[in-house]
Amino acid sequence: MNNLKRIERLQQLSKEKGFDLFIVVNPVNLFYLTGNFFKGLLLVSERKLLALVKRPLEVLKNLPFEGKILKSLKDLLPNMEGARSVGIDLKGLKYGEAERFLKVLGSFELRPADELIWELRMIKDGEEIKCLQRAGKILSLAIKKWIKKIKFGMTELEASGLLELELRKKGHPGFTRSSLGFELTYGYLISGKVGLNSTPFYTGEGGKGVEGFPGGASFKKINLKEPILLDFSGFYRGYYVDQTRMASFGPCKKGALFFAASLGIHRYLQKKVRPGMLAEEVWGLAVEKVEGYGLGEYFMKHGEEMKFVGHGVGLEIDEPPALAEGQKMILKEGMVLALEPKFHVPNIGVIGLEDTYFLTKKGLQRITPFPRKWIMLPI
């Protein structure tokens, strides 16, 4: 990974924003900038680059720059000489931790500046794209093996477990990181109308889940000719892709219209989305296409109307930008975006496709390669 180049860019942005010093706290951001996960801090200024590590101390041997042991937050103060305006990625902190930072650094002008690191992370470099492409291929291979193993009469949990096993064998950690605080495993396998069940999360579908863990696969048996939605993450070296495919035991004729519409929206957005557009314009284009199909009453209606059609993807499954109504962020070349136009159809279930794309000068380049066809499972 080009960690030093990323840090140089952070130094440049930090200076442009008027910060004398930037303190990186979020573990995912620390990994992005150093290539290591650790509990501690990274201090970045025009002239300073210092990691303060609490644990594991072995990380100190892997850093390509100076590192010291962090025993308490007061160890920060001797390393902040000359700093007045200090930026920090506070979003990743729990309330008590943030309170301790504010207390120790009370004499400094401390400003939350998570958006500054997002400005870096949203634009993927060549190494990141390779990781994302590999994650897409791994997910595709896992589904192909899953198709040969799933049997009619299984519960959602049994069927999901078979796909999870294939992903686990290929290196998936079994946990999907979320910047929004969602609790996610590998993904959601849901069948029939239980996919319409609402969850506390802003996701493209719901599911019954299990007691104490809402959403996703349940003990429900998968029935003949009902839609099976597979919304799973692929993983490689810290990076995730997001993909949804549809399957059924026997033809699900009632889902065909909605599936064709979802695929049509994908193809339409691939033609239309370009760098320089506002994120909200992607939502507007999707709605425009849905209205052409006359299916607006079913579009993205998970519980209540959700006016989004996609999101950024990377080290976390749901990064900025949100492709949603009112989002003014400008899309830039190098972003990685997941598009998930889905239809919530009463008494049938959730129908739709999701793919992860790399945004180039010429448009969206798909990096989740599994075929976009309805998967017909043998009975």
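Where is the place of G264? The answer is helix α7, which covers residues 256-272; helices here are DSSP runs of H or I with at least four residues, strands are runs of E with at least two, and both are numbered from the N terminus.

First, a word on what you are looking at. This is a predicted model, in which local features need pLDDT of at least 70, side-chain atom pairs count only at pLDDT 80 or more, and totals for chains, interfaces and linings use all residues. Residues are numbered from 1 along each chain as its sequence is written, and side-chain values use heavy atoms, with hydrogens and water left out.

The buried residues of α1 are N3, R6, I7, L10, Q11, L13 and S14. Buried means under 20% relative accessible area, exposed means over 50%, and partly exposed lies in between, with a 1.4 Å probe and protein chains only. After the helix comes G18, with a positive phi near 85°.

Together with F22, L10 has the most contacts inside the largest nonpolar core, a set of 63 residues. Such a core consists of buried Ala, Val, Leu, Ile, Met, Phe, Trp, Tyr and Cys residues joined through side-chain atoms within 4.5 Å. Helix α5 (residues 126-149) gives the most to this core, with nine residues. Leaving aside neighbours within four places in sequence, L10 is in contact with F22, V24, L33, V44, L116, I117 and L120, where contact means heavy atoms within 4.5 Å. A second, separate core has 42 residues, including I265, Y268, V282 and L337.

Now for the sheets. Six strands make an open sheet in the order β4-β3-β2-β1-β5-β6, with mixed pairing; two strands count as paired if DSSP finds at least two bridges between them. The edges are β4 (67-69) and β6 (109-112), each with a single partner strand, so one side of each has no neighbour in the sheet. On average, neighbouring strands here are turned by 25° against each other, direction ignored. Within this sheet, β1 (residues 21-24) and β5 (residues 85-88) pair in the parallel sense over three bridges, and L21 has V86 as its bridge partner in β5. Helix α2 (residues 27-34) packs on the sheet, touching β1 and β2 (39-44), and its direction makes about 55° with that of β2. For these angles, axes are lines fitted to C-alpha atoms, for helices over the stretch in contact, and the angles run from 0 to 180 degrees between N-to-C directions.

Another open sheet has five strands in the order β11-β10-β12-β15-β16, with antiparallel pairing. Here β11 (319-324) and β16 (363-366) stand at the edges. β10 (residues 308-312) is joined to β11 by four bridges, and G310 has L323 as its bridge partner in β11. Helix α8 (residues 279-293) lies across β10, β11 and β12 (336-339), running at about 40° to β11.

A hairpin is worth a stop too. β13 (residues 342-345) and β14 (residues 349-352) pair in the antiparallel sense over four bridges. Three residues lie between the two strands, and N347 in the turn has a positive phi of about 65°. Both faces of β13 are covered: K342 and H344 on one side, and F343 and V345 on the other, are all buried.

Next comes T176, in the loop between α6 (156-169) and β7 (187-191). T176 counts as buried because its relative accessibility is 2%. Its side chain reaches the backbone oxygen of T185 at 2.4 Å and makes a polar contact with the side chain of S233 at 3.0 Å. A polar contact is a pair of N or O atoms within 3.5 Å; within protein, one must be able to donate a hydrogen and the other to accept it, and residues adjacent in sequence count only if both atoms are side-chain atoms.

Finally, back to G264, which is buried with a relative accessible area of 14%. Not counting residues up to four places away in sequence, G264 touches K289 and Y293. G264 and Y293 are 29 residues apart in sequence and 9.5 Å apart in space, C-alpha to C-alpha.
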